[in-house]
Amino acid sequence: MNFITKYKNYFLISLISLAFGLIRWSFLDREFPLIGWSNLQKKAMKIKELSKQNIGSSIDFSLMKKIVSDEVFPILDARDLESYNEGHIDNAINFDSELLMDGDEENLDKLHKFIQTLSTDRIIVYCWNPDCDRAEILRAFLIDFGISEFNISIYENGWDEWSSFSDELLK
């Protein structure tokens, strides 16, 4: 076997391996980009960036804006369903804290299922404004369901501040 034939076989084996690797990659269920970052990697980098800002038990408007735009943490709206349907923060999930207090089985089951599928350790909760206690009530239910109180942040100024900012953008 001469020198050229030997390397020709190596090249052929490498080419076949690459082809099989690409075929296998195309059948994978999870994201596996060949070039660049996957969405999961991007999300992890955004979470790391936000964690450097030391998110505490309450958050302000500028941090909330960043959280909403990055879509890294679940946002829970503690207001009633009618108010939620009239307007809410993007990607927020509604859990009416008054119905939870009344023992509404449907809302309790919905909250329990949400917690079971939770893929992050931080949750953001909001209500109308600092005078509204619904966010605190929902926070208490989350703690009762096993979420650490240190992993729940409240957007204190809530929907009132958020909607006024949204109205200014539309003008």
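**Group meeting: salt bridges and helices in a predicted model**

Let's start with Asp96, which is buried, as its relative accessible area is 8%. Buried here means under 20% relative accessible area, exposed means over 50%, and partly exposed is in between, using a 1.4 Å probe and protein chains only.

Quick housekeeping. This is a predicted model, where local features need pLDDT of at least 70 and side-chain atom pairs count only at pLDDT 80 or more, while totals for chains, interfaces and linings use all residues. Residues are numbered from 1 along each chain as its sequence is written, and side-chain values use heavy atoms, with hydrogens and water left out.

Okay, back to Asp96. Which residue forms a salt bridge with Asp96? That's Arg134, and the closest N and O atoms are 2.7 Å apart. Arg134 sits in helix H7 and Asp96 in the loop between S3 and H5, so this pair ties together parts that are 38 residues apart in sequence. Arg134 is buried too, with a relative accessible area of 15%. By salt bridge I mean a side-chain nitrogen of Lys or Arg within 4 Å of a carboxyl oxygen of Asp or Glu.

The structure holds four of these salt bridges. Another one joins Arg139 to Glu149, with 3.9 Å between the closest N and O atoms. Arg139 is in helix H7 and Glu149 is in the loop between H7 and S5, so here the parts tied together are 10 residues apart in sequence. Arg139 counts as buried because its relative accessibility is 16%, whereas Glu149, at 41%, counts as partly exposed. Then there's Arg79 with Asp77, where the closest N and O atoms are 2.8 Å apart. Both Arg79 and Asp77 are buried.

Now, the helices. A helix is a DSSP run of H or I with at least four residues, a strand is a run of E with at least two, and both are numbered from the N terminus. The protein chain has eight helices and five strands.

Look at H6, residues 105-116. Its 12 residues, at 1.5 Å a residue, should span 16 Å, and the end C-alpha atoms are 16 Å apart, so that agrees. The expected span is 1.5 Å times one less than the number of residues. Which residues of H6 are buried? They are Asn107, Leu108, Leu111, Phe114 and Ile115. These cover an arc of only 125 degrees around the axis, which puts them on the same side of H6. That arc is taken from the directions from the helix axis to the C-beta atoms. Over on the other side of H6, Glu105, Glu106, Lys113 and Gln116 are exposed.

What do the buried residues of H6 pack against? The list is strand S2 (75-77), strand S3 (92-94), helix H5 (97-101), strand S4 (123-126) and helix H7 (134-144). Contact means heavy atoms within 4.5 Å.

H7 has buried residues as well, including Ala135, Ile137, Leu138, Phe141 and Leu142. Their cover includes S2, H5, H6, S4 and strand S5 (152-155). After H7 comes Gly146, which has a positive phi, near 105 degrees.

Last, the whole chain. Buried residues make up 33% of the 171 residues in the protein chain. Of the contacts with a separation of 6 or more, 59% come from residues 24 or more positions apart. And that's me done!
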